[in-house]
Amino acid sequence: MEINTNDYAKLIKRLEKPKRPVDVVLDTDAFNEIDDQFALAYMVKKSSELNVKAINAAPFLNEKSTSPKDGMEKSYNEILKILTLMKRNDLKPNVFKGSDKFLPSETEPVISDAAKNLIELASGYTQENQLYVVAIGAITNIASALLMKPEIKDKIVVIWLGGHSHDWHDTSEFNLSQDVAAGRIIFGCGVPVVQLPCMGVVSAFTTGGPELEYWLRGKNELCDYLVDYTTEQAIADGGLKTWTRVIWDVTAVAWLLEDSFMLDRFEPAPIPEYDHHYAFNKTRHPIRYVYHINRDALFEDLFKTLGE
């Protein structure tokens, strides 16, 4: 979909950092990786700056799931588990099940409670008072909502941890490669997008066992769970005693917080291709593209916030 060049200035305006507090929706494949749990807890604990309106379960398919639907169901249950650990049962009515499959095409949405709720929520916002949608999984739910109700692109901003750096040799990144059709919709429909690329940018946001033990162990039930689960997953995946783990989903939440956490710039929207590479056209509408993470500053705030 081509965007009228007259709308480019409006997009840039809408992609300015918002004045906090802001209303947010989190879209997460929470059972897929441990970093989703960190991001969810970080967002919920930042309640003075981020007002969580909904938490949506996203589909995923890998060794932890038997199908996209199974991945979504497990993610839904993991969201509820994290909220229980945080003693935030009040948020559980705002958790919604998402897509049970990936998009069959670029014109066919997957109907879900998450997509329908996003449409309903977005109807109450405007270009001057936007709803921020933080996506840290396959972006099927959000693309489906945009297909079902295209006009919500004028009411929301999508902050997506998806794809790799524009300089990377491919786009074989989990969130994007699972549903390329959804990625093409997000980057092509004209909704304001903040992209946090994985390899080459957010891949610098890593931590290790000793650091987690020092900062989080014993702080609360949630922190102990995060330390134990992260350690278990890291050892199972790599088998090394000197492991580090990427906690990159946190960065998508952090974009809405302090300016000191990362650097970004405007870039023409990339075109995800089905062969897992980007195509580029410099006349495409702008997105906001994160190109550097201040790792130490963000981890300091993350550990402090989770330990409170």
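Lys87 is exposed, with a relative accessible area of 64%, where exposed denotes over 50% relative accessible area, buried under 20% and partly exposed the range in between, computed with a 1.4 Å probe on protein chains only. The model is a predicted one, in which local features require pLDDT of at least 70 and side-chain atom pairs count only at pLDDT 80 or more, whereas totals for chains, interfaces and linings use all residues. Residues are numbered from 1 along each chain as its sequence is written, and side-chain values use heavy atoms, with hydrogens and water left out.

Lys87 lies in the loop between α3 (68-85) and β3, the helices (H or I, at least four residues) and strands (E, at least two) being DSSP runs numbered from the N terminus. The phi angle of Lys87 is near 60°, a positive value in a residue other than glycine. A positive phi, near 65°, is also found for His276, again a residue other than glycine; His276 is placed in the loop between β10 (271-272) and β11 (278-279) and, at 26% relative accessibility, counts as partly exposed. A further backbone feature is the cis peptide bond that joins Arg20 and Pro21, with omega about 5°, and Pro21 belongs to the loop between α1 (8-14) and β1.

The strand β1 takes part in an open sheet of 8 strands, ordered β3-β2-β1-β4-β5-β6-β12-β9 and mixed in its pairing, two strands being taken to pair if DSSP finds at least two bridges between them. The edges of the sheet are formed by β3 (95-96) and β9 (262-268), each of which pairs on one side only. Between β1 and β2, which run parallel, there are 7 bridges; Val24 has Val52 in β2 as its bridge partner, and Thr28 stands opposite Ala57 in β2. The strand β2 is mostly covered, with 6 of its 8 residues buried.

The loop between β1 (22-28) and α2 (34-45) contains Asn32, which is buried, with a relative accessible area of 10%. The side chains of Asn32 and Asn62 are joined by a polar contact of 2.7 Å, a term that denotes a pair of N or O atoms within 3.5 Å, of which, within protein, one must be able to donate a hydrogen and the other to accept it, residues adjacent in sequence counting only if both atoms are side-chain atoms. When residues up to four places away in sequence are not counted, Asn32 touches Phe60, Asn62, Lys64 and Phe174, contact meaning heavy atoms within 4.5 Å.

Helix α5 (residues 140-148) is largely enclosed by the rest of the structure, because 7 of its 9 residues are buried. The buried residues of α5 are Thr140, Asn141, Ile142, Ala143, Ser144, Ala145 and Leu146, and they pack against β1, β2 (50-57), α4 (113-122), β4 (131-135), β5 (156-161) and α7 (180-188). Helix α11 (residues 295-306), with 12 residues, reaches 16 Å from its first C-alpha to its last, close to the 16 Å expected at 1.5 Å a residue, the expected span being 1.5 Å times one less than the number of residues. In α11 the buried residues include Leu298, Phe299, Asp301 and Leu302, and the packing partners of its buried residues include α2, α9 (221-238) and β12 (286-293).

The largest nonpolar core has 67 residues, and those with the most contacts inside it are Phe38, Tyr42, Val134, Ile159, Val250 and Leu256; such a core is a set of buried Ala, Val, Leu, Ile, Met, Phe, Trp, Tyr and Cys residues joined through side-chain atoms within 4.5 Å. The helix α2 gives the most to this core, with 8 residues. A second, separate core of 36 residues includes Val25, Val133, Ala135 and Cys189. Leu256 touches, among them, Val22, Val24, Val134 and Ile159, residues up to four places away in sequence not being counted.

Cys189 is buried, with a relative accessible area of 10%, and Cys223 is likewise buried, with a relative accessible area of 0%. With a disulfide taken as a pair of cysteine sulfur atoms within 2.5 Å, the count comes to 0 disulfides. Cys189 is in no disulfide, the nearest cysteine sulfur, that of Cys198, being 20 Å away.
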